[in-house]
Amino acid sequence: MEQTIGGEVILQEVSILNATDYIAVLADEASELTGNRISLQLLSSDQIDPETGFGKMAGEASYLKWDPFDGPTATDRPYEISFKWNSALGIPGAFLIRNMHSRQFFLKSLTLDIPGQGKLRFKCNSWITPYDTSKTDRVFFSNKSYLPEETPEGLKKLREQDMVELRGNGRGERKVSDRIYDYDVYNDLGNPDSSPELLRPVLGGSKYYPYPRRCRTGRPPTKTDPKSESRPSGSEVTFIPPDERFPHTDFTDFGAHIINAFANLIVPDIKDGSETAFKTFEQIEQLYVQGFQCRYNSLEKLLRHENPLQIIHGLLESSKDNPLIEFACPQVFAGNESAWKADLEYARQALAGLNPMVIQCLQTFPPSSSLDPNIYGPQKSSITEQYIEKFLEGLSVQQAVASKRLFILDYYDAYMLYAERINKLSEGSKTYGSRTLFFLTNEGVLKPVAIELCLPPTAEEAEAVRKVYTPAEEGTEEGALWLLAKAHARVNDAGYHQLISHWLRTHATIEPFVIATHRQLSRMHPLYKLLIPHYLDTMDINQAARQSLINAGGIIEISFTPGKYSMEMSSAIYKDWRFNEQGLPADLLKRGMAVRDPTAPHELKLMIEDYPFAVDGLEIWFAMKDWVSDYLSLYYKDDASMKRDQELQGWWSEIVNVGHGDLKDDPSRWYEMKTKDEVVEALTTIMWLSSAHHAAVNFGQYAYGGYMPNLPTMSKQLIPETGSKEYTEMVRDVDGYFLKTVSTPFQATLVMAILEILSKHAKNEVYVGQIQGSTPEWADDNGIDEAFNRFSSRLVQVEKKVTTRNNNPKLKNRRGPALVPYTLLYPDTTDFSKSGGLTGRGVPNSISI
């Protein structure tokens, strides 16, 4: 029986950044704007066409009356459509769409009103490329999820064909319109054709430089080094699959483009106007009052510039007559201007600052290294009982260790591997390998008790350097040395945070999961639908980072002490990376910051009860884990059904053997994915890294790093030797010597500006637990909404608990001397304001900046 099915197509609001497409339409012949140019055809789920192997189609195609002149738009645009359908074919399970226009458009959804059945939804969220370019129709499946073995007969071949198209053949240079997800090594960071000094080693594909894989572009090699991939020039776009560039309508939300525009337009002006060192702290403070002159921070000049229109309006506040970069006053300075110098604040930030996932509970004293002593010097620390026992409230060192009250930030191994090479880079780049010991006081707060600064033996200095500094009063020589020792330890922390805790552990390690998900999990697979919200914009921000942040001569190399060795250093750390230690509980247990205890909340007892990152994070982790478990239970009956799921097993195999292939020979790093418990743990880990872990290390960057003395990224000179003229200068002017040691005005201003960009939430941010953006394809699956609502409700309760804890004066680590409340893991599930900005709180679903 033939029937008419009515429907509605939604086209997503279009970004003005696609204005080149819009302008191109003006040149098209008028004939293109007439006739039927966009066709849609419904396919049966159950009835197979013997000629194609696909579900049967009914009747002729239907056409969408879209006018290319409709864009750019300010809101989603609905279009009515109707289909002729034979009810004998059952319920449609997919549709094909063909775009005969010369311009792409973003298809958000199709909703059908099936007579006697109700609504049938197809969430698409995809760019539809002109047929002349793609030479193929696009297929979209209804929202109903199917495991591979449960796929209706009419959809099986389409399901496999769609994934085959996404995988490509691994050959050739990718075109902007290609929907292909493939892997490559990091061979695109250097630019040897520009200068031999910009040659960088290939990361990935070797035991010496292991690394996660990135998205393959297939660009040709450089002329001077066949191992290096050439970099895009001018207006060329770095390839990522089109659907990884989600349409944005507000420039402040397009993080990838803002970063590139900032690097190209603003950085040269900052460099031109900089001195070699700040002379006073007041000079730094004036940046928050007077701003920074910039020739491009003007509406008139931006509109005339060849780069995409007002792309950096989100960064700059200006008028035609006042071209200034303006900096907000960072929280760590705004609450208490001198708090950054306080030992208690320095220690508190190890628990509730920007990098709270490195501190460890000290298991043995003295701490020790695994590095070769013949190359790097003695493995055991030179910190002895005599240095620290006076700070231990009457305990011996062994008693403090046994009672779990000594803690350590240990950057010895990470920096000692590169210290000699870094120190030879230039006169303005000097580093140590540091160890900082903390003691947990009777009041439940940490205080630093010793800092050890180490250098390996060199050809010039046969003996390894081991210097130990302990807290001392300000105004004394020992106090001056202590201030400088903390500065060097902070520089180590800043570099490790940016390169390891932030870039490596979130951005770099997640990209292979994004690629594998598209290649091995069908869009109708329930795991695809669970994971895809946590990948939004990640590949786009990563390609922007490779172009402007982590590239040779980029922002990281010129403003962080490891310099040209920055990415090599992250490769060295990756050698020991283990996926099954990236989830929060496993991470806490590994670092000795928690022990298993069946009587404790979540059966984990924290070694420091007031550990804000861990306390808030565990509540999010277990809410997320329960949501994942509930979700999987709706699709998998038992462990055997997971083993039979060929897409799940193929997905995991590709992640281990290709995406993270340099670590594939050690199965102890990975879950086997044979049981529900393992699959739940793995999926929760991916979602945790993409959301809460990234939020914890990203959105507080300006709050803590926006005031350079609190978290300097560069150290320009080593601590002076007693009796030297530098030592005399230090004693005479401690503040001046400190400022000569740390970041230059250029480096500090550059870092402040980029950290402000990275710390801002987008206006269209979707936070964990929010329905919109988190559950776009689940509405037609029974039980999903109920499970997600439980998850969302738990996160709302987490918000209330975080607020209560921050207002509890007994929990001293929640605010500290700087009076900065810990809100980086405040979920913001209840925030639908779409205001974005520098809020210092909120856990977005994905790594989008």
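I began with Thr-4, whose side chain makes a polar contact of 3.2 Å with that of Lys-84. A polar contact is a pair of N or O atoms within 3.5 Å; within protein, one must be able to donate a hydrogen and the other to accept it, and residues adjacent in sequence count only if both atoms are side-chain atoms. I noted that this is a predicted model, where local features need pLDDT of at least 70 and side-chain atom pairs count only at pLDDT 80 or more, while totals for chains, interfaces and linings use all residues. Residues are numbered from 1 along each chain as its sequence is written, and side-chain values use heavy atoms, with hydrogens and water left out.

I stayed with Thr-4. It is found in strand β1 (residues 2-11). Helices (H or I, at least four residues) and strands (E, at least two) are DSSP runs, numbered from the N terminus. Buried means under 20% and exposed over 50%, with partly exposed in between (1.4 Å probe, protein chains only). Leaving out residues up to four places away in sequence, Thr-4 touches Ser-82, Phe-83, Lys-84 and Pro-115. Contact means heavy atoms within 4.5 Å. I also checked Ile-114: its C-alpha is 8.5 Å from that of Thr-4, though the two are 110 residues apart along the chain.

Next I looked up a sheet. It is open, with 5 strands in the order β14-β15-β16-β17-β18 and antiparallel pairing. Two strands pair if DSSP finds at least two bridges between them. β14 (360-361) and β18 (465-469) are the edges; each has a single partner strand, so one side of each lacks a neighbour in the sheet. I found 5 bridges between β15 (residues 406-410) and β16 (residues 433-440). Ile-408 stands opposite Leu-437 in β16. Helix α8 (residues 343-352) packs on the sheet, touching β15, β16 and β17 (446-455).

Then I followed helix α14 (residues 477-520), which lies across β16, β17 and β18 at about 80 degrees to β17. α14 also packs with helix α22 (residues 646-659) at about 140 degrees, their axes 9 Å apart. Axes are lines fitted to C-alpha atoms, for helices over the stretch in contact, and angles run from 0 to 180 degrees between N-to-C directions. Phe-513 is among the α14 residues that meet α22, and Trp-651 is among those on the α22 side.

Last, I checked helix α27 (residues 745-759). 15 of its 15 residues are buried, so α27 is largely enclosed by the rest of the structure.

Key
Expected span 1.5 Å × (residues − 1).
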